[in-house]
Amino acid sequence: MPNLTIHFERPATWAETIYIHYWNAQHGSAASTWPGIRMEAQGNNWYRCQFVGVNALHCVFNDGHGKQTADQFRSSNGWYDANGQWSATKPAPRKPIAHSSTPVSRSVVSHSPSLAERADFREETIYFLLTTRFYDGDPTNNFFCRDRIEFNSAGQPVDPHWRGDFKGLIQRLDYIRDLGFTAIWITPPVENRSGLDYHGYHAYDWTRIDPRLESPDATYQHLIDAAHARGIKIIQDVVVNHSCQYGIRGQVHIDHLPIKYYVPHGSEPGRVNHGPYQGNLGNYAWENRDDIDNPLAPAWYQERHSRDPEGIEPLIDPKTGETIPKAGYNPGRFFGVDAQMLDPNWYHQDGFICGGDWESTNPLQQKHLAGDCIDLATERPNVKEYLINAINRYLDMGVDALRIDTVKHVERDNLLEYVNAWKTHKPGLFVFGENLVKGYGWGDLGGGDNGPSQIRPWWYTRLGDDPRNPESGGDSGFPQLDFGLFSTFRDTVSKGTYAGTAHILGMDWIYGDVTQLVTFLQNHDVGPDNDFKYRFKGEQWMAAAAYNLIWTARGIPCLYYGEEIEFMKGAPQDIEGERDTLSQTGRAYFGDHLSDDTIATTQAHPLYRHIQRLNLIRRAIPALQKAQMTHLAEWGSGMRFVRDHAASGSFAVVGLAIGSAQQIAIDGIPAGIYRDAVTGAELHSDGHLSFSVKANSAGIYVFNGPGKIGDDGVYLR
Ligand SMILES: [Ca+2]
Ligand SMILES: [Ca+2]
């Protein structure tokens, strides 16, 4: 009968009771209930637990007092030390970490596991899209936001903001699969309310999917099921920090006048002319043209919600006593929020963020981010209960991972309550966060940072309480989008060099588990040029070299929709000018490149083929997915490093060349046969390896590797 013995070294900041919570145990009882089994103290901070009749399990270590590790998987006896490293034998007492030792046995390539078997999210690569801007499968759910409507030369409104939908996404899942991605991150699908809410970040009801995304035969459940049927995981984007400016349906109301009574200066009641909004600016798709249907709105509001669709009957503003509709009457009563009148059970009471607040922890976390991002009292039990339960339902529907928005605007330990509640509800759940920083983001550790550690990405990946010492706490199990690495791309790949990359990678130790970070070249908010505002502007070969780095370095690669064809290259990521519409931005509608007539051209693009092959290579080599980077050297036009994943026996030497061909040399690696996944070249090493890499290509020499993976393209060759 197999037995599994797990040892755990208590980090200094943890309580002295240690638990192991486990699930998916093979050939044993399936799972423990949180916080799990209490481990037996062995002295010198080591704890032990033996599982009889079990040969593999997933687990989380915790102290029952709020500290916990990331999810772990173990299939043999092991010692998990306070630095978060597994060993097959008991580690010697603490000493400086030596270079990676000679690996024992070396496997070749991973097989292709099914979705259910893929418990480690580092095996995935992510395609990120704004559902409304991707592919329109059902024109009947299209909807124009009030703001930024685009008109054609005939004066007709075109390009509805809510255009792409689940039906279209389902129809194009095979496109994403063909490109090689195994996970899709979609923008928040819950019901929204705002003058510009097509992106989903202004939630009004977390318990409902926005009807503008669904069709009768293409609900959220249909999307999840269709993705799973293709081996693709769904990552749901979740906003915890704020609600829209109307409150939350059925929970809390924020005072407003109904927008159908708004009449701009120079206009008349019932005569507003604004594309699909004719007569007034109330929601044109709703019978009574109102903007909210909150049962907590006052009686006078609800009465108008259910009638007077024209917005022309006299209504007394209860706040001022004035009668509307009246041209030019205070727009703030329709579109603004009175921060003094917010319900303290649901909202913070500190007003709106202004200039000096952006690098200061308390105002950043307690004030409202914007007029339509009203800061929730996230520490209150009612807020926690509402948000946690709402998202649990989507986890039950099959959502595989969560991406948390605006992380730095919620205090870390408070936010970890949400993250850990979801991970407890769905053991093994991968959750990562967005902590936007332009720069290295090392906080109090220097690097020219003018903000404190407590609002920086690394802080949220850790459990310690010392802003100057990341190692004061272990891994929080809440990795972040790698804005630090992203920020360096402005000065590296955008200028055709890797110079400076080693500097940022040399700080990998500050993160709880750097191999879980989500890496990217750009996204819907930022791009790696000048002031971080534009879709990547650089030459195509620079982008190719950037992807070579992102796909072979530590972290989980994430591509923003359209990058595969340099879509909207150089455009601002978000609306910039006073009159910009979405079609002038990086959030333009992508579906024209995915139609039956155009998709072949899209799939022939050199970067499409490039990313497709990088996904193929990464999926075949566990070291590229899971190992840290060692033996790192970088010299501007080239770099090399080792990815050594002892647990799977996968070992790869990577050489990268940007701008010109490079000769790569490395010492101190295991002797044996190495095969390049890019060229298929085979080399014998006696501890030294030397090889050449063509310009903007990569050499990926895998110990006992399978040889060439995929076909040569313009860059990988
Ligand atoms: Ca649609
Ligand atoms: Ca907040």
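Me: In this predicted model, how many residues of domain 2 are in contact with domain 4, and how many of domain 4 take part?

Reply: Taking contact as heavy atoms within 4.5 Å, 24 residues of domain 2 meet 27 residues of domain 4. The domain assignment places domain 2 at 121-241 + 378-622 and domain 4 at 626-703, and the centres of domain 2 and domain 4, taken over C-alpha atoms, are 30 Å apart.

Me: How much area do domain 2 and domain 4 bury between them?

Reply: The size of an interface is often given as the accessible area lost when the parts come together. Here domain 2 and domain 4 bury about 2,200 Å² between them, and 67% of that area lies on carbon and sulfur atoms. Within domain 2, the residues that lose the most area to domain 4 are Tyr498, Thr552 and Pro622, which together account for 29% of what that side buries.

Me: Which helix gives the most to the side of domain 2 that touches domain 4?

Reply: Helix 12 (501-505), helix 13 (540-552) and helix 15 (606-620) are the elements that give two or more residues to that side, and helix 13 gives the most, with 5 residues. By residue class, the side of domain 2 that touches domain 4 divides into 13 nonpolar, 7 polar and 4 charged residues.

How values were computed. Residues numbered from 1 in each chain as written. Chains lettered and ligands numbered in written order. Predicted model: local features only at pLDDT ≥ 70, side-chain atom pairs only at ≥ 80, totals over all residues. Heavy atoms only, no water. Domains from an automatic or database assignment. Buried area = accessible area lost by both parts, 1.4 Å probe. Helix = DSSP H or I, 4+ residues; strand = E, 2+ residues; numbered from the N terminus. Nonpolar A, V, L, I, M, F, W, Y, C, P; charged D, E, K, R; others polar.
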